[in-house]
Amino acid sequence: MINVTVENEFGERKQLEVPTDMGLSLMEVLKAYEYEIQATCGGMALCATCHIEVLEGGENLQEINDSELATLDTLPDVTDNSRLSCQLRASDAMDGLVFRIKALQEA
């Protein structure tokens with residue numbers, strides 16, 4: 001198990017426990033915790049409805065792939081710390097990650 005932290009639009013943080021042995025994406029974890037992630041494309045990096053902004057721990061994440069980058073490029077509020085939660089697999093390297101769900105603010 002690892003811990004990740006979600007920050008809401010008011011700066012309040014909530015820590016989530018995430019199993020690393022199930023191959024879950026961060027998007028699937030957020031859905032399991034009942035966050036309103038649309039994930040319209042089902043995790044194929046096509047819709048950006050699972051857009052997050054990494055606040056802490058981004059240096060430990062796997063490299064961004066071309067399809068994720070192409071999808072992020074379609075967003076009006078993309079930042080250097082933007083990622084798609086569907087493309088981030090829960091792993092020990094993600095322990096301590098802090099992020100904000102941007103997709104909820106865009107909706």
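Me: How do E1 and E2 pair, in the parallel or the antiparallel sense, and over how many bridges?

Reply: As a general idea, the strands of a sheet pair through backbone hydrogen bonds, and the pairing is either parallel or antiparallel. In this structure, which is a predicted model, E1 and E2 run in the antiparallel sense and are joined over six bridges. To find one place in this pairing, look for Asn3, which stands opposite Glu17 in E2.

Me: What is the order of the strands in the open sheet?

Reply: Five strands make up this open sheet, and their order is E2-E1-E5-E3-E4, with mixed pairing. E2 and E4 stand at the edges and have a single partner strand each, so one side of each is left without a neighbour in the sheet. From one strand to the next, the twist averages 40°.

Me: Which residues have the most contacts inside the largest nonpolar core?

Reply: The largest nonpolar core holds 28 residues, and those with the most contacts inside it are Val4, Leu26, Leu30, Met94, Leu97, Phe99 and Ile101. At least two residues of this core come from each of E1, E2, H1, strand E3 (51–56) and E5, while H1 gives the most, with four residues.

Me: Taking one of those residues, what does Met94 touch, not counting residues up to four places away in sequence?

Reply: With those neighbours left out, Met94 touches Ile2, Asn3, Val4, Leu26, Leu61, Leu88 and Arg89. Two of these, Val4 and Leu26, are also named among the core residues with the most contacts.

Me: Where does Ser25 lie, and is Ser25 buried or exposed?

Reply: Ser25 is placed in the loop between strand E2 (13–18) and H1, and with a relative accessible area of 2% Ser25 is buried, since the cut-off for buried is under 20%. When its neighbours within four places in sequence are set aside, Ser25 is in contact with Ser85, Cys86, Leu88 and Arg89.

Me: How many salt bridges does the count come to, and what do the side chains of Glu7 and Arg100 form?

Reply: The count comes to seven salt bridges. In one of them the side chains of Glu7 and Arg100 meet, at 2.5 Å from N to O. Glu7 lies in strand E1 (residues 2–7) and Arg100 in strand E5 (residues 98–101), so the pair ties together parts that are 93 residues apart in sequence. Glu7 is buried, at a relative accessible area of 10%.

Me: Which parts of the chain does the pair of Arg89 and Glu28 link?

Reply: The side chains of Arg89 and Glu28 meet in a salt bridge of 3.5 Å, N to O. This pair links distant parts of the chain, with Arg89 in the loop between strand E4 (82–84) and E5, and Glu28 in helix H1 (residues 26–32), 61 residues apart. Arg89 counts as partly exposed at 43% relative accessibility, and Glu28 is likewise partly exposed, with a relative accessible area of 32%.

Me: Are Arg83 and Glu68 buried or exposed?

Reply: Arg83 counts as buried at 9% relative accessibility, and Glu68 counts as buried at 1%. Their side chains meet in a salt bridge of 2.8 Å, N to O, which links Arg83 in strand E4 with Glu68 in helix H2 (residues 66–72), 15 residues apart.

Note on methods
Residues are numbered from 1 along each chain as its sequence is written. This is a predicted model: local features need pLDDT of at least 70, side-chain atom pairs count only at pLDDT 80 or more; totals for chains, interfaces and linings use all residues. Side-chain values use heavy atoms; hydrogens and water are left out. A salt bridge is a side-chain nitrogen of Lys or Arg within 4 Å of a carboxyl oxygen of Asp or Glu. Buried means under 20% relative accessible area, exposed over 50%, partly exposed in between (1.4 Å probe, protein chains only). Contact means heavy atoms within 4.5 Å. A nonpolar core is a set of buried Ala, Val, Leu, Ile, Met, Phe, Trp, Tyr and Cys residues joined through side-chain atoms within 4.5 Å. Two strands pair if DSSP finds at least two bridges between them. Axes are lines fitted to C-alpha atoms, for helices over the stretch in contact, and angles run from 0 to 180 degrees between N-to-C directions.
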